[in-house]
2 protein chains.
Amino acid sequence: MLSERQSMILNAIVDDYIRSAEPVGSRSISKRGDVAFSPATIRNEMADLEELGFLEQPHTSAGRIPSNKGYRYYVDHLSPLKPLKTEDLKLFKQLAAEKLNAVEEVIQHAGTVLASMTNYTSILLGPEMFNTSLRHFQLLPLSETTAVAIIVTSSGEVENKTVTIPAGVSVSEMERMANLLNDRLAGVPMHKLKARIYSEIGQEIQRHADHYEGLMKLLDDAFAAGKDQKVFLSGTTNMLTQPEFRDIGKLKTVLDLLEQTPTLTRLLSSEHKGIQVRIGSENVHQAFVNCSLITATYSLEGEAFGTIGILGPTRMEYAKVIGTLDLLSRAMSRALTGRYGA
Amino acid sequence: MLSERQSMILNAIVDDYIRSAEPVGSRSISKRGDVAFSPATIRNEMADLEELGFLEQPHTSAGRIPSNKGYRYYVDHLSPLKPLKTEDLKLFKQLAAEKLNAVEEVIQHAGTVLASMTNYTSILLGPEMFNTSLRHFQLLPLSETTAVAIIVTSSGEVENKTVTIPAGVSVSEMERMANLLNDRLAGVPMHKLKARIYSEIGQEIQRHADHYEGLMKLLDDAFAAGKDQKVFLSGTTNMLTQPEFRDIGKLKTVLDLLEQTPTLTRLLSSEHKGIQVRIGSENVHQAFVNCSLITATYSLEGEAFGTIGILGPTRMEYAKVIGTLDLLSRAMSRALTGRYGA
DNA sequence: TTTAGCACTCATTTCGATAGAGTGCTAACG
DNA sequence: CGTTAGCACTCTATCGAAATGAGTGCTAAA
């Protein structure tokens, strides 16, 4: 579609613009060395590239900036990932070396490292309930009327929820029910749990216990909506340093969005495994028109587990971020699998 | 210390400045109606107030703005709290009406309401470990080498931590130890727990179990540093709308600070019960020189439990915020005590 | 003691001129 | 025919001078 030379020029322009955040002129491209043509020639090609929709011109007498389409081309034709700088690798090694026990700590820490390495905002999604199974269930009375339900998943996550004890239900009854659940449903995937409770536990309760309705209501509450995936943010303030967010209004819409965990979960969860790049308006959300979102999935035992994302301006260091994300997602998968693996 | 009239004028200036964020001139005070003197008279008083350190002048030909000392006087002499607007009261009622089970949900939601009512940033500290006691302890093996330790406190909070199983320790040994802990130490305040573990459980283990060192290490890990108090932030982006944070640099220092939970915990935890106002440089932290922090404590069963805070520019609507905070802290205490109370 | 009047100060706004970066086009060159 | 030098043109950003106006401090009168 693009000639060799056009491709080179487009590449050079995107590169320059990513560094400088300012419209790139023909002269500066010519002087870079990697495109050995006169400014005039480059100008001609630039005009063509603009006509084709890869470049844009803020005004007549300014240089060109890449359009979304331009970035897309740039990303799709990135040369094979460069190795990371040694200083960055050091951070990775630290990450691997640290003795982090809980899954959440691994994720949290990875997010911090990622944000400080890239100077963008990192968004990490914790384990998807979908892929874990029940390890242990427990009901612990707190008062006459309330109890705390504790659910431990196969990945070692602990969820807890305070529930109301239905009138008339005794402590021993609750204990029996919890035991029943552990006996019958340990190992069942979380997303099938509710169905199995109805089909198996329900019957049993109906046969042996007095307060069918109450007990079922209690279980319903305890396993309600398995909670959202946890979201870990880091480096949100890095947004402030990006010149494209000098405009407080734009900045606020983006930061506001980052406070809404459900939206984030939706934006990040993706069907694909592997790395995905969403540039500007390719993002569903209106507020992200000036942003690019790069995501990668990490896994436990080969099962998709969660998502790592980097949010930055469309003018983003794609090569670096993609490389980093690739390494980090592998590192996390390794760290997690190593810990809980068979 | 100040004459009646000076006090009135100072009040008027602070009021005006809080609304407009712009230096207040003698003319506008004179026109307000509540200080019926000519601009010239007011100017004289203003000059005196400046000399006394209550006011400042950005430059010779500008109006006056309150100094920290000025704000302090204003706050200390606030007229008795005005009743809240009905629309705000509605929000409170909603808060009370919602059936929120877990303590954390109550806190989280209160924070959101607070931020949206005040348009500042709300910072809420969760329950202080200090004031809760142990309800239940459990060790659940996850793999050959790891287990999850679950700690339930008297307030229904569930803490969990993944720990490494020391070499050679069997599952039944761990179970026995957990049972021992529950028998002996249930009801012991969290802050005394470590000492009691050493004094009581340690001995017992030494007598009956083989792996004293390993088991003690495990308990140490499980109860390590009882985790920081949880911090709930809401409305951080409200900072963006304040004209004093037009300067991205200042904004970033503040927002960066908000990302550091340990610092926040330190800033908010206070010895006093009740409402506390820290204006500008009265805050320990350098980054908060342009901010005021107003905190209130909420409680469970009369015991100090956690802190609610509002962070905004020194030019803050003190009257409104203090009133709101007062009501909200009571509401929260009621909501929490109502739920878990005897 | 209060206030009207007035000269003075100083940040902010406005406006025109200028500089400079970059383009598009044309014509010459190899 | 592709490439390049040259040049006129466009448009933004910058700069400085002048105008603006909000507000003060002081003095003198009420």
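1. In this predicted model, the buried residues of helix α11 of chain B pack against strands β3 (121–125), β7 (231–234), β8 (276–279), β9 (291–300) and β10 (303–313) and against helix α10 (248–259) of chain B. Helix α11 itself covers residues 261–268 of chain B, and the residues buried there are Thr263(B), Leu264(B), Thr265(B), Leu267(B) and Leu268(B).

2. Two packed helices are described by the angle between their axes and the distance between the axes. For helix α8 (residues 190–208) and helix α9 (residues 212–222) of chain B, the angle is about 155 degrees and the axes lie 11 Å apart. Because an angle over 145 degrees counts as roughly antiparallel, α8(B) is roughly antiparallel to α9(B), and the crossing of these two helices is right-handed. On the side of α8(B), the residues that meet α9(B) include Ile197(B), Tyr198(B), Ile201(B) and Ile205(B), while Tyr212(B), Leu215(B), Met216(B) and Leu219(B) are among those that α9(B) brings to the contact. By class, this contact of α8(B) with α9(B) has 8 nonpolar, 2 polar and 2 charged residues.

3. In chain A, helix α7 (residues 171–185) packs with helix α8 (residues 190–208) at an angle of about 125 degrees, with the axes 11 Å apart, and α7(A) is therefore oblique to α8(A). The crossing of α7(A) and α8(A) is right-handed. Among the residues in contact are Met177(A), Leu180(A) and Arg184(A) from α7(A), and Leu193(A), Glu200(A) and Glu204(A) from α8(A). By class, the contact of α7(A) with α8(A) has 8 nonpolar, no polar and 4 charged residues.

4. Beyond its neighbours within four places in sequence, Asp16(A) is in contact with Ala21(A), Val24(A), Ser28(A), Ile29(A) and Arg32(A).

5. Turning to the two chains together, chain B is superposed on chain A by a rotation of 180 degrees with 0.0 Å of shift along its axis, at an RMSD of 0.2 Å. That is the relation of a two-fold axis. Because 100% of the interface residues of chain B are also interface residues in chain A, the copies meet through the same surface.

How values were computed:
Residues numbered from 1 in each chain as written. Chains lettered and ligands numbered in written order. Predicted model: local features only at pLDDT ≥ 70, side-chain atom pairs only at ≥ 80, totals over all residues. Heavy atoms only, no water. Contact = heavy atoms within 4.5 Å. Least-squares fit on C-alpha atoms with pLDDT ≥ 70 in both. Axes fitted to C-alpha atoms, helices over the stretch in contact; angles between N-to-C directions. Helix = DSSP H or I, 4+ residues; strand = E, 2+ residues; numbered from the N terminus. Parallel < 35°, antiparallel > 145°, perpendicular 65-115°, else oblique. Left-handed = near helix turned anticlockwise from the far one by under 90°. Nonpolar A, V, L, I, M, F, W, Y, C, P; charged D, E, K, R; others polar. Buried < 20%, exposed > 50% of the residue type's maximum accessible area, 1.4 Å probe, protein only.
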